[in-house]
Amino acid sequence: MTSSKDKSEPRKLPMMPIRDMVIFPYMMTPFVVGRLSSVRALEEALNGDRKIFLATQHDASIDEPRAKEIYQVGSICNIVQSVKMPDGNIKVLVEGVERAKSTEVNDKDGFFVATVRTGKTDFEMTPAVEQLMQRVTTLFEQYVKLQQSLNYETIIATVRMDEPAKLSDTIAANLQMGIEEKQELLGIFDPAARLARIADVLDIEIEKLDLDRNIQSRVKRQMERAQKEYYLNEKIKAIQKELGRGEKSEFDELRKKIEAAGMPKETLEKAIQELKKLEAMPPMSAESTVSRNYIDWLLAVPWKKKSKETRSIDFAEKVLNEDHYGLEKIKERILEFLAVRQLVKNPKGSILCFVGPPGVGKTSLGMSIAKATGRKFVRLSLGGVRDEAEIRGHRRTYIGALPGQIIQHMKRAGTKNPVFLLDEVDKMASDFRGDPASALLEVLDPEQNTTFQDHYLDVDYDLSQVLFVATANVLHTVPAALQDRMEVLRLQGYTEQEKLEIAKQYLVKKQRGQTGLNDKNVVFTDDAILEIIRNYTREAGVRNLEREIGNVCRKVARRVVKKGAKHKEEITAASISEFLGVARFRDSEVHEKSEVGLVTGLAWTEVGGSILTTEVTVLDGKGKLTITGQLGDVMQESAQAALAYIRGRAQALGLSREFYRNVDLHLHVPEGAIPKDGPSAGITMATALASALAKIPVRRDIAMTGEITLRGKVLPIGGLKEKLLAALRAGIFQVILPKANEKDVAELPDNIKKSMKLHFVDTMDEVLALALESPLPTPVPQEAEVLSAVPPSSDVVSGQVARQ
């Protein structure tokens, strides 16, 4: 059979763009017309032969599409019926007649008119086409069976036809596909090619639907299995009950564990109540898992189990001395704690806070306390913690909720009286999730932590028998309320002799063991260790010292592997450079000679003390004071206070009262990239200003620290030991200090007191008398130089690295 249709010449028809649908020939479709342009196109068609060209627009969200935003291939349709609705829209029913392609689209009186061609379709009804029609019909029947949204009986009745064109268009109209895919089928004019493409599409869609059905049936089988298990479990319980055995298994075991856990009365009641709720729940429910986890946590936390404490003071002293050199005050406090434990039956837990530079042994002290007392040891690092829930936990209503770190670590300890180390307590932060430091207030208060409440457990937990030990590098970042709850013990930097003893007794032995060496392979002389301390490390603690010793041991280990296990190396001061390279630090940081306006100050930093040189130069000008070196607000104010003192004592310095009118002063503190702040550089800056104005050099062999007032009084400072150690490292053996700090000398190490000469002063006049190489000149007002005390306006960044 041969079918051939000769289409007419191109013709013009009113054109209407449609959204979210593709209209095929032989398809009867109702829709509502609301756009003004579409209404006019519809009216034009109704006034003519009731034919209209419908084409789908590319983007359905565009209200007024242009011609290029509409597909070229569409359908010529007969308007079967139209009804105007009360809201002005028109409900229209159209029937697709034939597909067509627009060759030109013009705008006429507010609507589109398209010139369309229907094309010419010639094909021969061959056995191959008939077989293709049969295959497509079979595939579509399978598709409709799998696609639950289609009515099988109705759809199958509509596709039983003999015309290839009508069959392909009817099937295409009923496929659950996207607009682009349907538009592709509409654009195929040849019925045979269209049928072949539909067959491919149906193969893919059937495969997808088969996969979905398999997944659904698998899920259904799993649900049926779960229901079956639940039914059988309930039946087993009923059978056991009839046999008189009761429900003895899991719930009875949980009840026994709860009763034996030693919980307080209220907690025990809550646990039993939760167990009853768990028994009444279906085993597969989500709530059942939450309740079971909660009961498991209640059982996991130690309620009555305690470590048997070692209360022997002699044993504790031996352990502390074996693990740590020096730190006499800390050891004394720990031994006092043990003594009280022997006299008081149930003392409240203590909260110790070790504050000091990195590497001085704060964390290892906590471990030694646990070892000396025979308690369990747990460590919680608080560095970077910014969520309150890390301390108190989450409510059980949240998915994946857990107790806070305090309860988790108590579970890990397994006893209710461990040594609990809160490491880096000064590194906590806060944000929108809360302030963990505030949550610690209850934990670290002996009056409150007997009833600590974790959000997850939601019951009182007694932390009063825990020995809390906190560590921090500085205290100024720890809230005052938290500081008030802790007994602060300061660990200061080690002296050179202390570092030597620590290296000999601990560090060398430890690094030998970690690198696989023995005492016959490598031997460190005292001079070698001192060389590392002086020229390869600059620190308050011993962490870098241990690192450098390990570096030497690794190089020796390499030689032992090459030369044999009996190879021996003796490390001397002369051979250190062979292992560690060129010395990283100079022997002395002090300037080579005494100069005018150049003073050595002492600074305290978070990692120990350091030398801070201050220099002043006098320039011709109009009375401007310039301050550089990235000084903070407090240090800038100290500079201006020093300048005010100089102006007030102008005649005593050999200057006239008007000396500041014709010169500029520039005060600079080197290492300008490092922020500096603090008040204790006051006398250093005043001495530099006085030296520069009087043109008298400052002694190079003397350093100083102290706060200055406008009247020239010298006020006390902090960080005395660290500052004196920095001076000692730099080869300075004379230091000017405030008189008020004289009481602190008793706590200084003996080697500092023996090797250094300390000058204690009350006034700035005493400072100048000690620091300047020659006495101040006799006042001669006529010849005095000039200085302006105009305060600086520079915007200097405040910092916290070096506190004067």
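Reader: What does D458 count as at 34% relative accessibility?
Author: This is a predicted model, in which local features need pLDDT of at least 70, side-chain atom pairs count only at pLDDT 80 or more, and totals for chains, interfaces and linings use all residues. On the scale used here, buried means under 20% relative accessible area, exposed means over 50%, and partly exposed lies in between, with a 1.4 Å probe and protein chains only. Because its relative accessibility is 34%, D458 counts as partly exposed.

Reader: Where is D458 found?
Author: Residues are numbered from 1 along each chain as its sequence is written, and side-chain values use heavy atoms, with hydrogens and water left out. Helices (H or I, at least four residues) and strands (E, at least two) are DSSP runs, numbered from the N terminus. D458 is not a glycine, yet its phi is positive, near 60 degrees. The residue sits in the loop between β12 (452-453) and β13 (460-461).

Reader: Which residues does V378 touch, not counting residues up to four places away in sequence?
Author: V378 lies in strand β10, which covers residues 377-381. With 5% relative accessibility, V378 counts as buried, and the residues around it can be named by contact, which means heavy atoms within 4.5 Å. Once residues up to four places away in sequence are set aside, V378 touches H409, A413, V419, F420 and L421.

Reader: What distance separates the C-alpha atoms of V378 and A413?
Author: A413 is one of the residues that V378 touches. Although the two stand 35 residues apart along the chain, the distance between the C-alpha atoms of V378 and A413 is 6.3 Å.

Reader: Is Q636 buried or exposed?
Author: Q636 has its place in helix α21, which spans residues 633-648. It is 46 residues from G682 in sequence, while the C-alpha atoms of Q636 and G682 are 9.5 Å apart in space. Because its relative accessible area is 8%, Q636 is buried.

Reader: At what angle do α17 and α18 pack?
Author: Axes are lines fitted to C-alpha atoms, for helices over the stretch in contact, and angles run from 0 to 180 degrees between N-to-C directions. The axes of α17 and α18 are 10 Å apart, and the two helices pack at an angle of about 115 degrees.

Reader: How many nonpolar, polar and charged residues does the contact of α17 with α18 have?
Author: On the α17 side E496, K499, L500, A503, K504 and V508 take part, and they meet D526, I529, L530, I533 and R534 in α18. Ala, Val, Leu, Ile, Met, Phe, Trp, Tyr, Cys and Pro count as nonpolar, Asp, Glu, Lys and Arg as charged, and the others, Gly among them, as polar. Sorted in this way, the contact of α17 with α18 has six nonpolar residues, no polar ones and five charged ones.

Reader: At roughly what angle do the axes of helix α7 and helix α9 cross?
Author: Helix α7 covers residues 250-260 and helix α9 covers residues 286-300. Their axes come within 10 Å of each other, and the crossing angle is roughly 35 degrees.

Reader: Which residues in α9 do E250, L254, K257 and I258 in α7 meet?
Author: An α-helix has 3.6 residues a turn, so residues three or four places apart point the same way. By class, the contact of α7 with α9 has four nonpolar, no polar and three charged residues. On the α7 side the residues are E250, L254, K257 and I258, and in α9 they meet R292, I295 and L299.
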